[in-house]
Amino acid sequence: MPSINREWYEITREVILEAQEQVNASLISPLHGELPAISVRDFAGDFFEKMRGLVELATEISSSLSAPVSEAVNLNNNLVPVFKALFLRARLAKAREFGRQRARTTNPDVIGALEGKLKVYDAVIREEWFQNTVPIYPPSLRDMLTLDRVEKLDAGTHFPERQYDDKFHLLQAPNLFFPDLHYYRAKCEMRGISVAIAFIDIDDFKKNFNTPYGETHVDRYVLPAFMSALEADIYGHGHAYCYGGDEYALLMPNTDATLAMEFVQRLRRGLAELIFHGTEKRITVSVGLCVADWDCHLTDEELLQKAERAKNFAKEKGKDQIAWYAGRLFEESDLRILISAVPSSA
């Protein structure tokens with residue numbers, strides 16, 4: 001039976017009470033509007049019984065906080081799977097909220113304070129009992145309604161209008177990446193499927209191309225051919241975004257880790273075979289891969305940062321290779337170099 005540390009009290013209580021409100025707002029109320037003769041509690045009684053137990057835990061925490069001497073508060077083992085699901089969603093919501101606030105300031109102390117608020121959430125997530133638990137999520141509207149009705153209720157999620165990169169007009173503009181990722185994560189969550197992100201860097205771009213051939217030659221004969229090949233490979237599987245002459249991002253919805261590894265491995269090998277007019281050099285790329293399950297607790301910005309970090313890891317380990325995360329926490333210790341198309345530990 002996990003014990004709730006004193007420093008976790010406030011967050012634990014907040015997670016439970018906010019989750020109760022969220023379940024009412026995003027599930028019970030919409031479902032009543034669509035199927036007024038049906039009560040979701042009749043179909044998910046076990047979940048709501050556990051939810052009631054968590055609300056009682058929140059009340060116990062409140063009493064403990066107001067007592068002169070706080071007593072230890074324990075989380076019943078049968079409540080842990082639901083608690084984990086609610087906690088992961090709460091961490092994602094808070095991280096998004098703090099990210100919006102972070103964008104409004106450049107003060108390093110304020111930024112540090114905002115980032116520090118997530119450390120307690122991440123400390124709980126790293127607990128062994130938390131990691132060893134299979135989460136049990138609230139029932140979703142998709143469990144009860146047709147996809148058509150669920151999509152109509154999700155009217156706030158729109159696919160952004162397309163924009164191409166300013167210079168070559170071949171790949172998607174970088175400012176579309178986060179709106180696209182937000183859109184696809186919402187749609188993939190609705191279906192219980194994952195999204196893959198890859199960050200690509202051309203190895204030794206300045207040394208091998210810009211310096212010996214000049215930027216004009218590279219812009220005329222190298223990059224357009226490279227970007228066209230990249231766009232052709234990703235077409236039908238997702239989108240490619242131009243972040244600069246030597247940096248690119250890929251977004252692949254409905255792509256699990258195995259499929260993503262196969263795709264980027266094939267992509268990397270194909271790019272290495274490109275021949276450019278008036279250019280002897282061949283291109284190699286280092287790739288960082290990050291696959292977000294439908295219930296991933298990281299924000300869009302954090303996922304891109306993780307993919308970029310994996311790319312840097314690939315470069316540090318010798319370039320012309322792919323790095324990926326073996327764990328769902330996306331820790332530094334989880335980084336691995338992809339040796340084959342589908343590693344046995346994937």
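Reply: Arg102 is partly exposed, at 39% relative accessible area. That value lies between the 20% and 50% cut-offs, so neither "buried" nor "exposed" applies. The model is predicted, not experimental.

The partner of Arg102 is Glu115. Their closest N and O atoms are 3.3 Å apart, and the two form a salt bridge. Arg102 belongs to helix α4 and Glu115 to helix α5. The two residues are 13 apart, and their pair links distant parts of the chain. Glu115 is also partly exposed, with a relative accessible area of 41%.

Arg91 forms a salt bridge with Asp122, with 3.0 Å between the closest N and O atoms. The surroundings are another matter. Arg91 is buried, at a relative accessible area of 2%. Asp122 has 16% relative accessibility. The cut-off for buried is under 20%, so Asp122 counts as buried too.

Now a pair within one helix. Arg13 and Glu10 meet through their side chains in a salt bridge, at 2.7 Å from N to O. Both sit in helix α1 (residues 9–34). They are 3 residues apart there, which means a separation of about one helical turn. Arg13 counts as partly exposed, with 21% relative accessibility. That is over the 20% limit, so Arg13 does not count as buried. Glu10 is partly exposed as well, at 44%.

Beyond pairs, there is a network. Salt bridges link Asp201, Asp203, Glu247, Lys311 and Lys315. For the whole structure, the count is 28 salt bridges. Among them are the Arg91 bridge to Asp122 and the Glu115 bridge to Arg102.

Last, the matter of confidence. The mean pLDDT of the protein chain is 90. Of its residues, 97% reach 70 or more. Residues 341–346 are another story: pLDDT stays under 50 over that stretch. The model has 11 contacts for residues 341–346 beyond four places in sequence.

Terms used
Residues are numbered from 1 along each chain as its sequence is written. This is a predicted model: local features need pLDDT of at least 70, side-chain atom pairs count only at pLDDT 80 or more; totals for chains, interfaces and linings use all residues. Side-chain values use heavy atoms; hydrogens and water are left out. A salt bridge is a side-chain nitrogen of Lys or Arg within 4 Å of a carboxyl oxygen of Asp or Glu. Helices (H or I, at least four residues) and strands (E, at least two) are DSSP runs, numbered from the N terminus. Buried means under 20% relative accessible area, exposed over 50%, partly exposed in between (1.4 Å probe, protein chains only). pLDDT is the predictor's confidence in each residue, from 0 to 100. Contact means heavy atoms within 4.5 Å.
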